[in-house]
Amino acid sequence: MKIPQLLAIAALSAAWPQAQAACNLSFAYNAEPSPPYMVGEATVQAERPGVAVEMVREASRRIGCTARFVRLPNVRVLAETQAGRHDGAFMYSHNPERAAGLAYPLKDGKPDHDRRIATLRYYLYRLTGSPVEWDGQRLRGLNGAVGVNLGWSIGRDLKTMGVTVEEALGSRSNLEKLLAGRIAAYATQDLAGDAAVQRWGQERVERLPAPLSTKDYFVVFNPDFAARQHDTTERFWTALAELRDEMAARLLPLYAE
């Protein structure tokens, strides 16, 4: 074999480990918009896709990985990530059911607040002038079910409080039910809820002042993937913690324009 051929084979052999080491991370997230963290509907927007999408993409880049995204209905995001069709998903709060099938960043066995992607608040929305009241501890004047988005953790929290819950596919469906008098109130995150009211509720729906709850949200991974790629997932969560506050401060005003 000639020397040039040997050199070519050696070059290919040297490049092979690098090709093998290429890092690609696949993420799923909710097709329902939740501005400013997840913007638009159904497809991943090329420009301004949402603060959370930009954070996940940048955290992946910082650890030498390429992030790919797909949008699905919320229940499918969780089910398919648990089944291993996607490496990770976002944004999800922690509860025992999810933790049984998803890997969260942990510290001393508990969700690591420092490695969250965001902290969000849930509020009750009611028809303007409705008797429904929430003072931060007790719910009064509720005559009917509270609507929630399908698969959202606030539904479980309300059931624990003894509240009748009725799920619907998303914000628009819940607001239509509220406007039609089919539910007594709607519980959702304030950023998503305010945007939905502005779009579909106009002046007929108002948000109560006290939050129902405040929760940390995380990027979660398929547990088998997290076990195989322990170093990758830990470095991702650490990178996210390092960039979160700076990126939020820079991007949130841009998404408010």
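# Briefing: a disulfide, a pocket and a cavity

The link of Cys23 and Cys65 is right-handed, with 85 degrees about the S-S bond. The model that shows this link is a predicted one. Its chain has 257 residues, and its secondary structure comes to 9 helices and 13 strands. The points below go from the whole chain to single residues and then to the spaces inside the model.

**The chain as a whole**

- Taken along the principal axes, the C-alpha atoms of the chain fill a box of roughly 90 × 40 × 30 Å.
- Of the 257 residues, 48% count as buried.
- Among contacts between residues at least 6 apart in sequence, 72% join residues that are at least 24 apart.

**The disulfide**

- A disulfide is a covalent bond between the sulfur atoms of two cysteines.
- How many disulfides does a search of the whole structure find? The search finds 1 disulfide.
- Cys23 and Cys65 form a disulfide, and their sulfur atoms are 1.8 Å apart.
- Cys23 lies in strand β1 (residues 23–30) and Cys65 lies in strand β2 (residues 65–72), so the pair ties together parts that are 42 residues apart in sequence.
- Is Cys23 buried or exposed? Cys23 counts as buried because its relative accessibility is 19%, and the cut-off for buried is under 20%.
- Cys65 is also buried, with a relative accessible area of 6%.

**Arg115**

- Where does Arg115 lie? Arg115 is in the loop between β5 (110–111) and β6 (118–127).
- The relative accessible area of Arg115 is 9%, so Arg115 counts as buried.
- The side chain of Arg115 reaches the backbone oxygen of Leu106 at 3.2 Å.
- Not counting residues up to four places away in sequence, Arg115 touches Pro105, Leu106, Phe218, Glu234, Trp237, Thr238, Leu240, Ala241 and Arg244.

**The largest pocket**

- The largest pocket has a volume of about 320 Å³.
- Its lining is made of 19 residues, and Asn30, Ala31, Glu32, Leu169 and Gly170 lie nearest its centre.
- The elements that give two or more residues to the lining of this pocket are α3 (74–82) and α6 (171–179).
- By class, the lining of the largest pocket has 9 nonpolar, 6 polar and 4 charged residues.

**The largest cavity**

- How many cavities of 30 Å³ or more does the structure hold? The structure holds 1 such cavity.
- The largest cavity has a volume of about 150 Å³.
- Which residues lie nearest the centre of the largest cavity? Met91, Tyr92, Trp152, Gln189 and Tyr217 do, out of 15 residues that line the cavity.
- The elements that give two or more residues to the lining of the largest cavity are β3 (88–92) and β6.
- The largest share of this lining, 3 residues, comes from β3.
- The residues of the cavity lining divide into 8 nonpolar, 6 polar and 1 charged.

Key
Residues numbered from 1 in each chain as written. Predicted model: local features only at pLDDT ≥ 70, side-chain atom pairs only at ≥ 80, totals over all residues. Heavy atoms only, no water. 1 Å grid on protein atoms, 1.4 Å probe; cavity = no way out; pocket = protein on both sides within 12 Å on 5 of 7 lines; lining within 4 Å. Points joined across faces, edges and corners; volume = space filled by probe spheres on them. Helix = DSSP H or I, 4+ residues; strand = E, 2+ residues; numbered from the N terminus. Nonpolar A, V, L, I, M, F, W, Y, C, P; charged D, E, K, R; others polar. Buried < 20%, exposed > 50% of the residue type's maximum accessible area, 1.4 Å probe, protein only. Polar contact = N/O pair within 3.5 Å; in protein donor to acceptor, adjacent residues only side chain to side chain. Contact = heavy atoms within 4.5 Å. Disulfide = S-S within 2.5 Å.
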